Amino acid sequence: MTDNIVKFIYKYNNHENTECEASINIELPFERGDECLDELVTRLLNDMDTMQRYLDEHEKVKAALRKFIIDANQIYLDKFAERLFEHAGNNELDLEAVIRKTERQYKDEIIQFADRIGPSDEDIFAQSFHRLVHSSSLEEILRRERAYAKVISDMNTLMDEEVEYLNSTQQKEMDNKIKQLDITTTSDDINNLLAQQYSTQNYIRQRYESELQAKRGHQRNEYRDWITCQVGKIFETSPAATPLGNRSSMFISQQPSMEESFTIHLGSQLKHMHNIRILSADVTDLCSPLHIDESLNGLNMALGLYSSSLCGVVVLTPSIQAQANRSIIKNANMSTEFHFEQIDNQLEKIEKQICNLSVNDSTSPSVNSNSSALGNNDIPLNTGTVGSGSAGGSPTKMATTKLKTGDFFITKHSNLSQSHVIFHLISDEPINSPSEINSRHPVILGLRNILKTASRHDVTTLTIPALMRHEMSEDMTVQWCMRRAELVFKCAKGFMIESASWGGAELSTLQLLLPHDISEELFTTLAGMVPNVFRVANPKILVDSNK
Amino acid sequence: MHQSSSKPESRLAAITFFAKTHPGDVCGSNGLPLTPNSIAILGRAQRLKDLKHPHLCQYLDFVRGKHERTIVVSEYFGTTLLDKSRVALLDSLIARIFYQIVCALKELAEQNLVVHNLEPKHILLDDCNNVKIFNYGLYHMTKCGDYVPFPIGNVRYMPPERFLGAKNNIKSDIWSLGMIVAELLLQTTIWSGMKISNITRKILSFLQVGNVFEKIAREHNCLERYAQINGELRALVETCLNVAPSKRPLPTELLSHPYFSKDVTTYAYTEPPKSNVLLLRCPLEQIYYWWQLAGGDVQSELKKEGLIRSEAPILAIPQIVCLNGAIVGPKRSQSYLMDDRVVPLKLNNLFEKLCNLPAMAYFPLIHSPKFPHNFGASMAQLPLVIREKDIEYQFYRVRLFSRLLKGYPYTSDMIRKEAAKDIPPYLRGPIWACLLDVIPIGSYEKIDKFTPTSTDRQIEVDIPRCHQYDELLSSPVGHCKLKRLLKAWVTAHPQYVYWQGLDSLTAPFLYLNFNNEELAFLSLYKFIPKYLQWFFLRDNSAIIKEYLCKFSQLTAFHEPILAKHLSSINFIPELFAIPWFLTMFSHVFPLHKIMHLWDKLMLGDSSYPLFIGISILKQLKSTLLSSGFNECILLFSDLPDIVMENCVLESQKMYECTPKSVSHRLHVLREEPLTEFDITTDVTLAHLQAEMCPRISAKDFTNLLHHAPNDMCALDLRSAVEYSHVHVPHSLNVPFVAAQLSEPRLDALGVPQLEELMHGRIVICISNTHEHAVQFSKFLVECGVLRVCILHKGFNILHTIEPNILISN
């Protein structure tokens, strides 16, 4: 018997007045409450004469046992502490380590002891902007943004035109040369010309690029200064609320070709309401430049930017480096990103992080798996390095510097039409051979992770590709599409039900995005599947109860 | 009124912190996702609400915010010791504080609790210098700090063994107490301005020291003061500050120390004078409840104080998230760190709302009809959900019911009468128990809830699926409690078995009486025989079949068109209604709806649930009528949202207008034996299955005839000759001709204005040939006639009724 187990012996006289005893082993320290005591009493009584149960013996047993446990436990705890002191005295415990650990814990987790970091510039700007955007200055902000955007997009157009002109003249020149081939020119001449043309083009592009970059930097500074200074003014004057009844928010800039909306209830007993919209559109339309036309969605996006109801879009991307969809990059570059870094910089940084991540993974995998949500600040970039999980691919591939299917990276935007946040989900499904996937496929698990991240960070409107594809292809048969859509719908439903227990923001609208080139017939079929998978809310009909 | 005009101080305060988040996608041993730590905290914390002791601040509420935030609301008032000790205190006062903290520690030790964060900031003093300790439950609710990322306790007052990993020892609190008292006696702040590492080093260096108190005095140049302290008191502090825990005294030992016992009255608790603000004489938990109704919102109070900082979520979004759990993102914001500021909740709003109430409202007189506690009729007209949110109304109701409950069981009838109006949510648990005639006698404790049985496996499987959207029921503590309740019920009923659904049935009682398992158990114990007699037999098929047959008949009685449609598509109740009745709808509705449903159910008899079932069908009527078999199955597989208020009203209406014998079932707990004028036991299941319409007893028939002849329409199916011979007054002779019934058209009967005559009345088919009545009643139902029933035993039974009701020529 080890020293943390004690034996309780209970002596009693049974109904025939003979002396009996019952005993039970108790494990120390005894940390659980009265319920556990009751359990022990029950076990003792079961060992005793059944008559005792009817003689209300349990009360006596309980009192005796209780006293016994309290005393034994106290002795045990005292001894335990004294043994610790002995260890400390014999230098078996590293007291300095204890001191360091204690200090670390207090400094890392309790605000009074932490090294206070003031709010970052980003925080301050975010608050200023959020305040301003909910004031009468809103119109002015939008007007400015539009003006800035116009400058950039004009420059872009100019660049495109010049490049195009150059292209055509160069083409002509080349054609002429080629006609003269073997007459007055040699192939070397042509090669030379090619190289020369290429460098001219490159030069023009670079000139524009650097000009654009400078312009954007300039605009960004000007804009941010202006915002900060406006907030100062707002403080002086009485802050006016957002102009109510602005009609602008009612317009939606891009009308997708086909769409259908549903209100659904999820949950078996307690029902949560969500909106589901199925639509067919090009994913880049959801990430189109915000200020390009006179659309007024800019207002929605500005109001929501620093709120806790963000809009997110899931875009599929192959696993080569951190490569975003080209047209989205182009769209994001159509105007200055005033709030976050320009998309190229964001992507560049992410790429670096991916390298770091792989290095970290391969050198110290144990750090990741052991560190919990607290105290992992020794890895500077991982805030919530979260477990090692078994869902990932084989660990031998750790050293490669790319993301795998199901991983995703995130870019943030203030100048796209319908998304604040883009989840770039890695999917390597070959374009021309639709494969079969199941609910345990990494890309689906990645989708779950996206929903989880969305819930944790208040993304309440999320668009996901309903077929996990952005384009239709010849091989995508109707049956395949239906199977795939059913899988995605059902998994999304499961994740949404699950999300209720995550304790984050509830997803209010889920948009299921179908490829823009889908046939109308197929769209109708797939839209028809939505109410079968999700439970569509009953219409509320008001009836006069007096009737 | 009698209230003073000065603004009273706040009595409540809130603190907040974040629970640890679970790393990644870890699953528990049962394969289900782990319970969020904030929920586990919520469950563990509940028992703290029950601690009521003069030296402990009462815990009032635990709120779970977004993203694992936990908010704790508790009593808070007066001055903290930290503020009070800015000036030197008298030794006698210090001794008093010492004594009273020991009292608090003793109480906690008896409850198996340790404080582990005892410090002057958490010690409150009222005007009479009574001590109450605050925030003493943090260590317990966070399971020794396991559920939170931050360390618990002020380093300065922490005993050396805590740094080395010892925990849960009450003697550690004795050390903290010793430090606090030592600090007061030396009139200095120990180690002020020192870094945490240095303080820790100091405390650990005590391991080699004999007299800690003296050493501290020496370090702080207070040896002179040290020498002045009363020798006995100094010795007491020194024992508390003994490095070896075994040599530190237990609270009980301290209390019986001669230093205290010789002069207990100066140290012991003095009852403060009764507040002249009537509201403050009410129990604190009620005040908090009303505070919430008066618009109080803890979260917004914390926000105002900057304790809940709203940072733009978009800034915290990570950059990369990998399937293997790796996340790259911005640094964790400091707003997630522990901030132990205390935010008092202002009661001003509540005082304003209640300032016009007469004193009678606070202390209602329940036995003097001269002072009725009517709130005004207009209130009763409002929907229940509005009444439940009305601060003044709830104030009246809560005061009234808390008084009535004190008088239970003598006030049983009054409780029943008041409960018929509505039940205040705040007291629902105990009120239900009264409606179920529960009288706790300590029997729950005797039941064996622990010995493993064969049903354990099923119970283990069911519990993690039972109303898990609810925070209390999904917490580990909730799971344990539910398991104990279920096992206790199974042990207490050897004649019954555990049927799946018992878990759902138990959930509402546990939810309402989370801290009072015995009450929850006894309520369930009484509830089942009242509404579900014999449903939990191993072979319950006869009971369920009878129940469902009766359900079909009553559907035909109240909703003939619907009944006709459902029977035509063969959509029988067996396909959908078993879980409804077996769990009294607790499996199909969320808890907040079950509350309102059962509020009324508790007042009705065993037939009431049948009407709830019909009212659900009624609400889905239009969908059902346009659906075929498959659509109906789909519809009921995941029941759509039902409007509970309508459902309750409808079922109430139907329940009231249905004669008792119409809803008669054989398998109920009967208090009075059946007579020959009731539905007799010879009516078998086969009869029920063959008849579309329910039977009415001769007793109810006569009753109707005497008291409400306008509510009934008796159709006499015998031949005209027999009718002319003898008949029931006001009855209509419709001689039975089988051929007329081939098509469901009323005019085929050739009785003028028959439809108008039957409208709004209970239609009773009387015949001497039972088969005729059955066929004819079916015909009426198919014609869409409401409330059709058959007289049990036919016309002949009417001859035997005394006094005679028949008219004979």
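Guide: Let's start with one term: a contact means heavy atoms within 4.5 Å. Keep in mind too that this is a predicted model.

Visitor: Which residues does B:Gln533 touch, leaving out those up to four places away in sequence?

Guide: B:Gln533 touches B:Tyr496, B:Ile528, B:Ile543, B:His667, B:Val668 and B:Leu669. You'll find B:Gln533 in the loop between helix 27 (517-532) and helix 28 (541-558) of chain B.

Visitor: Is B:Gln533 buried or exposed?

Guide: Buried means under 20% relative accessible area. B:Gln533 has a relative accessible area of 10%, so it counts as buried.

Visitor: How many residues apart in sequence are A:Thr405 and A:Pro318?

Guide: They are 87 residues apart in sequence, while their C-alpha atoms are 8.2 Å apart in space. For chain A as a whole, take the contacts with a separation of 6 or more: 71% of them are between residues 24 or more positions apart.

Visitor: What is the secondary structure of chain A?

Guide: Chain A has 14 helices and 10 strands. Of its 547 residues, 46% are buried. The accessible surface of chain A is about 28,200 Å², and carbon and sulfur atoms account for 51% of that.

Visitor: Now for salt bridges. What's the general idea?

Guide: Side chains of opposite charge can pair when their charged atoms come close. Over all chains, the search of this structure finds 55 salt bridges.

Visitor: Which residue does A:Glu436 meet in a salt bridge?

Guide: A:Glu436 pairs with A:Arg483, at 2.7 Å from N to O. This pair links distant parts of the chain, 47 residues apart: A:Glu436 is in the loop between strand 7 (421-426) and helix 12 (442-456) of chain A, and A:Arg483 is in helix 13 (residues 478-499). A:Glu436 is exposed at 51% relative accessible area, and A:Arg483 is partly exposed at 44%.

Visitor: And in chain B, what is the distance from N to O between B:Asp339 and B:Arg341?

Guide: It is 2.8 Å, and their side chains form a salt bridge. B:Asp339 is buried, at 13% relative accessibility, whereas B:Arg341 is partly exposed at 39%.

Visitor: Which residue forms a salt bridge with B:Lys421?

Guide: B:Glu418 does, with the closest N and O atoms 3.3 Å apart. B:Lys421 is partly exposed at 41%, while B:Glu418 is buried at 6%. Salt bridges that share partners join B:Arg387, B:Arg397, B:Glu418, B:Lys421 and B:Asp422 into one network.

Visitor: What pLDDT does chain B average?

Guide: Chain B averages 90, and 97% of the residues score at least 70. Over residues 1-7 of chain B, though, the pLDDT is below 50; beyond near neighbours in sequence, that stretch has 13 contacts in the model.

Visitor: Which feature does UniProt place at residues 422-605 of chain B?

Guide: An unreviewed UniProt entry gives "domain: Rab-GAP TBC" there. In the model, this stretch is 58% helix and 0% strand, with its end C-alpha atoms 17 Å apart. UniProt also annotates residues 708-807 of chain B as "domain: Rhodanese", again from an unreviewed entry. Those residues are 28% helix and 19% strand, and the end C-alpha atoms are 18 Å apart.

How values were computed:
Residues are numbered from 1 along each chain as its sequence is written. Chains are lettered from A and ligands numbered from 1 in the order in which they are written. This is a predicted model: local features need pLDDT of at least 70, side-chain atom pairs count only at pLDDT 80 or more; totals for chains, interfaces and linings use all residues. Side-chain values use heavy atoms; hydrogens and water are left out. Helices (H or I, at least four residues) and strands (E, at least two) are DSSP runs, numbered from the N terminus. Buried means under 20% relative accessible area, exposed over 50%, partly exposed in between (1.4 Å probe, protein chains only). Accessible areas come from the Shrake-Rupley method with a 1.4 Å probe; for residues, only the protein chains shown count as cover. A salt bridge is a side-chain nitrogen of Lys or Arg within 4 Å of a carboxyl oxygen of Asp or Glu. pLDDT is the predictor's confidence in each residue, from 0 to 100. UniProt positions are given in the numbering used here, feature names are shortened, and annotations may be inferred rather than shown by experiment.
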